[in-house]
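Below are some notes for a colleague who is meeting this structure for the first time. They are set out as numbered points.

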Amino acid sequence: MEADSAVVEDGPSLVPLPYSGRRILRKRDMRGGPRSLFDREGPLALEIGFGDGRFLVELARLHPDWNLVGVEISLASVSRAFRRMHREGVDHVRLYRGHGRMVVRDFLDAGSLRRIYVNFPDPWPRRNQLSYRLLQPGFFRMAANRLAPGGDLMLTTDHAEYFEFARGSAEASGIFEESVLPSPPETLRTKYALKWQDQQRPIYHAVFTPTERPSPPARETHIEDMQHALLDGDLSAVRQVAKYVRRFEGGTVIVMEAYRSLTDDGLMFEVVVEEADLRQELLIKAWAKQDGVFVGLQPFGDPMGTRGCREAVHAVTDVLKTHGLTVRQAWI
Ligand SMILES: C[S@@+](CC[C@H](N)C(=O)[O-])C[C@H]1O[C@@H](n2cnc3c(N)ncnc32)[C@H](O)[C@@H]1O
């Protein structure tokens with residue numbers, strides 16, 4: 001393992017880290033495309049929902065010439081996996097905290113991927129949760145654009161109903177062939193694979209191969225810096241905030257609670273945004289400046305700059321209006 005001069009604190013001792021280990025990737029790292037993150041050429045593979053990261057370690061050892069990107073939505077899991085990468089000393093693995101569908105849609109180029117792995121995806125079993133499932137026909141169409149010739153998507157799951165759902169989605173996309181096969185041994189050693197095998201559950205595995213490359217999906221424009229509003233009025237007049245719901249086409253914003261900031265007179269609003277298969281918890285701050293009260297999205301948690309973020313700023317602005325503030329200008 002080659003180390004450069006980066007040094008971070010990792011547990012009790014200071015450990016020199018290779019480039020890949022400097023930090024968990026953020027959106028700005030992804031903008032140049034995953035290839036820009038590696039210091040070498042090589043087949044690129046993506047694992048969506050890597051959990052504790054043990055599969056990525058196996059994969060790095062199985063394919064030492066591959067460049068691996070893992071995406072995982074849970075911050076706690078990403079941190080755990082990040083520490084694992086260091087412990088195990090694997091290079092050429094990059095970890096991103098975010099949404100698998102967005103990585104495929106917004107940060108990958110056509111024909112750039114050798115393989116997408118999805119191991120034991122969250123099944124979202126209830127009828128009203130089906131839209132949260134990752135492997136929808138639309139996802140298969142995006143994936144078909146991102147996969148290189150000969151590339152594929154490998155699914156392993158214990159959930160018979162999700163397995164059939166994914167097969168149905170691939171078929172509905174109209175551009176995939178499937179092979180239902182025994183699971184390769186490495187997919188049977190993930191945390192969830194071991195858990196379900198312990199409980200004697202059957203495991204299902206399929207490889208989906210695109211038969212054509214459709215046109216690229218439209219990328220979402222990330223507009224984090226523009227979600228602000230400027231209001232006139234007095235923030236100290238806001239004493240109590242009731243829960244507030246704002247619905248928009250494609251989602252819902254719920255303003256849950258507000259706190260007075262410890263460092264200034266600002267108010268911090270905890271907001272939940274639900275859009276298609278994305279749920280984000282955001283912090284929206286309102287703070288008084290000389291020329292008015294600003295309302296804006298806080299970068300905490302590296303939020304994904306979707307329409308829901310704009311709507312969250314709107315929702316907080318709506319709440320403040322009920323307390324007598326008025327909107328002078330909105331960049332949302
Ligand atoms: C059941 S766990 C499986 C974890 C791991 N693959 C394994 O086999 O042990 C599903 C994982 O997918 C993650 N996840 C769910 N939806 C996701 C999404 N849209 N993008 C990225 N990760 C996601 C969850 O946070 C969770 O860690």
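1. At what angle do helix 4 and helix 5 pack, and how far apart are their axes? In this predicted model, helix 4 (residues 100-107) and helix 5 (residues 137-146) pack at an angle of about 45°, and their axes are 10 Å apart. The two helices are therefore oblique to each other. Their crossing is left-handed. On the side of helix 4 the contact is made by Gly100, Arg101, Val104 and Arg105, and on the side of helix 5 by Phe139, Met142, Ala143 and Arg146. By type, the residues of this contact divide into four nonpolar, one polar and three charged.

2. Seven strands form an open sheet with mixed pairing, in the order 5-4-3-6-7-9-8. Strand 5 and strand 8 (176-180) stand at the edges with a single partner strand each, so one side of each has no neighbour in the sheet. On average, neighbouring strands here are turned by 20° against each other, direction ignored. Inside the sheet, strand 3 and strand 4 run parallel and are joined by five bridges. Ile48 stands opposite Val71, a residue of strand 4.

3. Helices lie across this sheet. Helix 3 lies across strand 4 and strand 5, and runs at about 165° to strand 5. Helix 6 (residues 160-173) lies across strand 7 (147-157), strand 8 and strand 9 (204-210), and runs at about 10° to strand 9.

4. Which residues of helix 2 are buried? In this helix (residues 54-62), they are Phe55, Leu56, Val57, Leu59 and Ala60. The cover over the buried residues of helix 2 includes strand 3 (44-48), strand 4 (67-72), helix 3, strand 5 and strand 6.

5. His92 has a phi near 60°, a positive value in a residue other than glycine. His92 sits in the loop between helix 3 (75-88) and strand 5 (93-97). Because its relative accessibility is 15%, His92 counts as buried. Trp124 has a phi near 40°, again a positive value in a residue other than glycine. The loop that holds Trp124 runs between strand 6 (113-119) and helix 5. With 31% relative accessibility, Trp124 counts as partly exposed.

6. What is the strand order of the antiparallel open sheet? This sheet of seven strands has the order 11-12-13-14-15-10-16. Its edge strands are strand 11 (244-248) and strand 16 (326-331), each of which pairs on one side only. Neighbouring strands of this sheet are turned by 25° against each other on average, direction ignored. Helix 8 (residues 307-322) lies across strand 10 (228-232), strand 11, strand 12 (251-260), strand 13, strand 14, strand 15 (292-297) and strand 16. Helix 8 runs at about 135° to strand 11.

7. Within the antiparallel sheet, strand 13 (residues 267-275) and strand 14 (residues 278-289) are joined by nine bridges and run antiparallel. Val272 stands opposite Glu281 of strand 14. Gln280 is also placed in strand 14. Is Gln280 buried or exposed? Its relative accessibility is 6%, so Gln280 counts as buried. Leaving out residues up to four places away in sequence, Gln280 touches Val271, Val272, Val273, Glu275, Pro303, Met304, Thr306 and Cys309.

8. Where is Ala276 placed? Ala276 is in the loop between strand 13 and strand 14. Its relative accessibility is 51%, so Ala276 counts as exposed; the cut-off for exposed is over 50%. Residues up to four places away in sequence aside, Ala276 touches Arg101, Ser131, Tyr132 and Gly250. Arg101 is also one of the residues of helix 4 in the contact with helix 5. Ala276 and Pro64 are 212 residues apart along the chain, and their C-alpha atoms are separated by 36 Å.

9. A last point concerns the loop between strand 11 and strand 12, where Glu249 is found. Glu249 is exposed, with a relative accessible area of 71%. Glu249 and Gly308 are 59 residues apart in sequence, and the distance between them in space is 9.8 Å, C-alpha to C-alpha.

Technical notes
Residues are numbered from 1 along each chain as its sequence is written. This is a predicted model: local features need pLDDT of at least 70, side-chain atom pairs count only at pLDDT 80 or more; totals for chains, interfaces and linings use all residues. Side-chain values use heavy atoms; hydrogens and water are left out. Axes are lines fitted to C-alpha atoms, for helices over the stretch in contact, and angles run from 0 to 180 degrees between N-to-C directions. Helices (H or I, at least four residues) and strands (E, at least two) are DSSP runs, numbered from the N terminus. Angles under 35 degrees count as roughly parallel, over 145 as roughly antiparallel, 65 to 115 as roughly perpendicular and the rest as oblique. A crossing is left-handed if the near helix is turned anticlockwise from the far one by less than a right angle, and right-handed if clockwise. Contact means heavy atoms within 4.5 Å. Ala, Val, Leu, Ile, Met, Phe, Trp, Tyr, Cys and Pro count as nonpolar, Asp, Glu, Lys and Arg as charged, and the others, Gly among them, as polar. Two strands pair if DSSP finds at least two bridges between them. Buried means under 20% relative accessible area, exposed over 50%, partly exposed in between (1.4 Å probe, protein chains only).
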